[in-house]
Amino acid sequence: MSYWSEFLTIALIHLFAVASPGPDFAVVSRYALSFGRKAGYWVALGIAAGIIIHVAYSLVGVALIIHQTPWLYQTLLVVGALYLGFIGTQAIKAKPRTTMSSDEFEAIKPKKRKAFIVGFITNGLNVKATLFFLTLFTTIIAPETPFSVKFGYGVYLVIATGAWFLFLTWLLTQPAIFKRVWRYSHWVDRAMGLALILLSAKLLWEWFLLIELI
């Protein structure tokens, strides 16, 4: 059996999902425009690594368990919402940028490890990603598809996600763009922070509605 048709469907759906604005997009944009290309790259790699979590639990069937266990799904929803609210609150407090030396700029840049962890946790707790993988592995991918093929799909999704956000970082940090935007990047921070806070509120509202239905 050829699995190319299934793979192309997955690739197309993933392209639309990963390119649509969301927590990952907001965090990568913020770090790239505020702290430069390297910081953005490390966040992008953290996001790609976070995909491994979703692939792993989908491959072993935990995605279905999450879907069928209301309290577990609600816990993930609340934790993810609170984390997004936290990083949104930090971003919305951004102060105006001032001209500084290269040494001063290096001093304010986050450590590689911190940037990576931010990306990893943002994606790992991304409920949007959880729902995407739940749908993918329970409806798009046929039950008879071998584990090895599913594993290959997972590897592709990790690589494709990383490639997209690395490209986004590269694009946003092109000299012509970065030099013009950096001085005003605190407004980008604030806008992204507001978007994350609104998304957090939306997720908490969804959680409240779920509680009401129980």
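Biologist: Is W205 buried or exposed?

Modeller: This is a predicted model, in which local features need pLDDT of at least 70, side-chain atom pairs count only at pLDDT 80 or more, and totals for chains, interfaces and linings use all residues. Residues are numbered from 1 along each chain as its sequence is written, and side-chain values use heavy atoms, with hydrogens and water left out. Buried means under 20% relative accessible area, exposed over 50%, and partly exposed in between (1.4 Å probe, protein chains only). W205 has 52% relative accessibility, so W205 counts as exposed.

Biologist: Thanks! Which helix holds W205?

Modeller: Helices are DSSP runs of H or I with at least four residues, numbered from the N terminus. W205 falls in the run of residues 185-213, and that is helix α11.

Biologist: What is the area of the nonpolar surface patch with W205?

Modeller: Patch residues have over 30% relative accessible area and no salt bridge, and nonpolar side chains (Val, Leu, Ile, Met, Phe, Trp, Tyr) are joined within 5 Å. A salt bridge is a side-chain nitrogen of Lys or Arg within 4 Å of a carboxyl oxygen of Asp or Glu. Here W205, W207, F208, L209 and I211 make a patch of about 470 Å².

Biologist: Happy to move on to packing. How is α2 oriented relative to α3, roughly parallel or roughly antiparallel?

Modeller: Axes are lines fitted to C-alpha atoms over the stretch in contact, and angles run from 0 to 180 degrees between N-to-C directions. Helix α2 (residues 23-35) and helix α3 (residues 37-59) have axes 6 Å apart and pack at about 160°. Angles over 145 degrees count as roughly antiparallel, so α2 and α3 are roughly antiparallel.

Biologist: And at what angle do α3 and helix α9 pack?

Modeller: Helix α9 covers residues 147-172, and its axis lies 8 Å from that of α3. The pair is roughly antiparallel. The packing angle of α3 and α9 is about 160°.

Biologist: Is G46 buried or exposed?

Modeller: G46 lies in helix α3. The C-alpha atoms of G46 and F116 are separated by 4.4 Å, though the two residues are 70 apart along the chain. At 0% relative accessibility, G46 counts as buried.

Biologist: What is the C-alpha separation of I121 and A49?

Modeller: I121 sits in helix α7 (residues 112-124) and is partly exposed, with a relative accessible area of 30%. I121 and A49 are 72 residues apart along the chain, and their C-alpha atoms are separated by 9.4 Å.

Conventions:
Patch = residues over 30% accessible without salt bridge, like charges linked within 9 Å, V, L, I, M, F, W, Y side chains within 5 Å. Areas by Shrake-Rupley, 256 points an atom, 1.4 Å probe, with all protein chains shown as cover. Helix = DSSP H or I, 4+ residues; strand = E, 2+ residues; numbered from the N terminus. Parallel < 35°, antiparallel > 145°, perpendicular 65-115°, else oblique.
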